[in-house]
Amino acid sequence: MTHPLLLSLAYASCFILLTGLLFKTYKKRREAQKKFENVSKKLK
Amino acid sequence: MTRFANPKKFYNLSQKLIPILGITTLLFFAIGLYFALFHSPADYQQGESVRMMYIHVPAAWFSTLIFVFMATMSGVAFVWRHPLADLLAQEAALIGAIYTSIALITGSLWGKLAWGAYWVWDARLTSVLILLFLYIAYLALKQSMQDKPIASKMLRLLALIGLLNIPIIKGSVQWWTTLHQPPSIIRSLGISIHMSMLIPLLLMAAAFGLFFLTILLMRTQTRLLNIKTIALLKKQDQLDDPSLAA
């Protein structure tokens, strides 16, 4: 494979993994927040 | 410092820090990438493929640093039995595993260009692969023993035992003859890399570090929220309600 292709592949895989981690974390945090708010509301 | 070891204070502080860290991370990535891809020169030997360094090296640095952080937090949890230290160690594991994967993937692609092979059973590459296995083992153990009281102890132990691999990774290129190059950024005689390459490297390293902190705070906050939710449910004996317990 050529230099530009391997270089692009390296940068792409790096940022796909980082973005995936960010979205997974954000989604889990939002779900936890919602669940906590629901439980708090029900208890009031 | 110990003031923020209180979970409530930690939660409130991270609430303020996350947006600031997020924006700073984005800025560092934007500036770092500009310097790495457009501003820094090509290497006289490796040509354009040297640009792999700007993601490979920071990912490799932080893959080991995160494990050291996990072991330190595990040590703190062992000595002072602080639950927040356990949470921080456990939530750092996935980020460490991702960084190690990035270091291995980019290293493998760089290896193809520099050595003509994607993988060689070289001491450095093998010890980093062992680090990835340690992260995977830690995550698997965490997943399989979720709420059991012994889980934290086992995880602390694994992090502390796994720490033995870090000096091996560091020394692998000096103790054995390897295809991987020896330390080439900081040597005993000082910094051995030109400023035009050092600046983008440090900018990208800062971006990786800030990204780690942002994600770590977000993940720890999520765990604290889940703990608070379970505590609320237990308090009201509503754990039997499937709509809430799900």
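Author: A residue is called buried when its relative accessible area is under 20%, exposed when it is over 50%, and partly exposed in between. The model discussed here is predicted.

Reader: Why is Tyr99(B) called buried?

Author: Its relative accessible area is 0%. The cut-off for buried is under 20%, so Tyr99(B) counts as buried.

Reader: What makes the rings of Phe62(B) and Tyr99(B) a pair, and of which kind?

Author: Their centres are 6.3 Å apart, and the limit for a pair is 6.5 Å. The planes stand at 80 degrees; over 60 counts as edge-to-face, so this pair is edge-to-face.

Reader: Why is this pair said to tie parts together?

Author: Phe62(B) lies in helix H2 of chain B and Tyr99(B) in helix H3 of chain B, so the pair joins parts 37 residues apart in sequence. Both rings also belong to a cluster linked by ring pairs, whose other members are Phe15(A), Phe29(B), Phe208(B) and Phe211(B).

Reader: Is Phe62(B) buried or exposed?

Author: Phe62(B) has 16% relative accessibility. Buried means under 20%, so Phe62(B) is buried.

Reader: What makes Trp119(B) and Trp121(B) an edge-to-face pair?

Author: The distance is 5.4 Å centre to centre, with 75 degrees between the planes.

Terms used
Residues numbered from 1 in each chain as written. Chains lettered and ligands numbered in written order. Predicted model: local features only at pLDDT ≥ 70, side-chain atom pairs only at ≥ 80, totals over all residues. Heavy atoms only, no water. Phe/Tyr/Trp six-rings, centres within 6.5 Å; stacked < 30°, edge-to-face > 60°. Helix = DSSP H or I, 4+ residues; strand = E, 2+ residues; numbered from the N terminus. Buried < 20%, exposed > 50% of the residue type's maximum accessible area, 1.4 Å probe, protein only.
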